[in-house]
Structures are given as structure tokens and as C-alpha cells.
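This report describes a helix, a ligand site and a strand residue in turn.

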Amino acid sequence: MSRIVRCKDALAAADSCGHEIMKLLESAITERGSATLAISGGSSPKPMFQMFAKFAWEKVQLYFVDERCVPIDDPQSNFKFANDNWLGPGRFPKENVHRVHTELSPQDAAKAYAVELPQQFDVIHRGMGPDAHTASLFPGEALINDKDGLAAAVWVEKMKQWRVTLLPRILEDARNTVVLATGADKAQALKAVLDGPYDPMRYPCQIAREQAIWFVDEAAGHQG
Ligand code: 6PG
């Protein structure tokens, strides 16, 4: 059953989401000795990543929910964003970081990435766009119906950009999913995603809707 954690503002939501992620990883480590986490990009996670930088992560293997097919020093890179705000300052063990190799073609990067993925993630952190996209699955994207694949290259017309994204099967299989959705520009999408009919082709963030813990702020609303 999904759970909604309502926070007063984006900072409080990011903090609460971050502490939930660490709690979930801790129990995975207690149970199995290690844990796997996939994180998303975008701007909302910044304070959460900065908080993560204060903790030790030796037993966590880190992956990316999606990546823009740009060089790793490009400001649009999700790897760069996480590295600048967390992995670098937090001295995250480099050998535990599984980035998408965007130096390859999008198709080859997706193939290589899929091979590296765990069978099942302990925790997946996702964001949501104002159009209800999640990962790099945007409304109308045929890959939303791909129930077998793990990761794929996807052309995002809206951004005129190739990306590599996790696919629905691995998103749905996660032991735990947290979605951080904050800001007034997300209010309409959040209501449709949480309360509307299940239609992930139109509202991709409905993928794994029932399993997820939703961290929202007052601006994004959703009073249930
Ligand atoms: C990406 C993300 C994407 C993001 C949402 C929300 O690569 O852009 O993975 O799915 O989570 O667009 O982004 P904001 O946090 O910036 O609103």
C-alpha cells in the first residue's frame, strides 16, 4: 500500500526522503550484508544528496535510474550532479558507483548498463516531472509497455536528447520505492498520478504507484 509523507516544504521533504532511504538501506544491510540503491537526477534531490555526503556508504552499491547521454562533466549529467553534491564530498567508494557509460553510444551504454544491474534493487529513488514523467519515461513513450527489458536507450523528443533509463519491470520489482515530488508545478500531475485512473502511458510516474512512499511538500499539495 502506498504511503504519502506530507512535509511543509521541499527541503523538509528531501530531508525526510533521505532519512527514509538510509533507514531502508540499513535494514537491507542488516538482512543481507549489503544494499543496492538507484537514484534519480533533477534538482529536487540536491539537499538530500548533500545530507548523504555526511554518512558512510561502504556497503551500498549505487546506480542511476536514468542518465542523460552527455559527457560526465556536462552540467546535465546526473552522474556529475550526484558526484558534485554527494559522491565526491562524501568520499563515496568509487568501486561502488555504477554509472551509465555515456562515452558509448546510447544503445551500447544501455546494453552495458543492463548487464551490471542487480536482479532487484533494495531502494529506488524516483522523481516526477510536471508532466508526470519519471526516470526518462515520458508520457506516450512506448517503452512504458516494455515489461521484459531492464534498461534502454530512449530518445526524449521534448529535450531533444538521448537518455538511458531503467524500464518498468525493474522499477516495479524494487523492494522499496521512494518518490520525491515537490513544488507547485507538480501539483496537477501528482493529483492525477495518485488519485487518477491507472494509466502509466499517460502518467508514467504511476509505475509502482502502490508500492511507493511519496514524499511531497505543501506546494505539490495532494491532501488525499
Ligand atoms: C532526470 C530525472 C527525472 C527527474 C524529474 C524531476 O534525469 O531528469 O531522473 O526523472 O527525477 O524530472 O526532476 P526535478 O527534481 O528537477 O523536478
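Helix H1 covers residues 10-32, and its 23 residues should span 33 Å at 1.5 Å a residue; the end C-alpha atoms are 32 Å apart, which agrees. The expected span is 1.5 Å times one less than the number of residues. Helices (H or I, at least four residues) and strands (E, at least two) are DSSP runs, numbered from the N terminus.

The model is predicted: local features need pLDDT of at least 70 and side-chain atom pairs pLDDT 80 or more, whereas totals for chains, interfaces and linings use all residues. Residues are numbered from 1 along each chain as its sequence is written, and side-chain values use heavy atoms, without hydrogens and water.

Among the buried residues of H1 are Cys17, Glu20, Leu24 and Ala28; buried means under 20% relative accessible area (1.4 Å probe, protein chains only). After H1 comes Gly33, with a positive phi near 85°.

The ligand is surrounded by 16 residues, the closest being Ser43, Ser44, Asp66, Ala135 and Lys186; a residue counts if one of its heavy atoms lies within 4 Å. The table gives polar contacts, pairs of N or O atoms within 3.5 Å.

| Residue and atom | Distance to a ligand oxygen atom |
|---|---|
| Ser43, polar backbone atom | 2.7 Å |
| Arg68, polar side-chain atom | 2.7 Å |
| His133, side-chain N or O atom | 2.8 Å |

Taken alone, the ligand exposes 420 Å², of which the protein buries 88%; areas come from the Shrake-Rupley method with a 1.4 Å probe.

Ile213 belongs to strand E9, residues 212-217. Ile213 counts as buried because its relative accessibility is 10%. Between Ile213 and Gln188 there are 25 residues in sequence and 18 Å in space, C-alpha to C-alpha.

Notes
Buried means under 20% relative accessible area, exposed over 50%, partly exposed in between (1.4 Å probe, protein chains only). A polar contact is a pair of N or O atoms within 3.5 Å; within protein, one must be able to donate a hydrogen and the other to accept it, and residues adjacent in sequence count only if both atoms are side-chain atoms.
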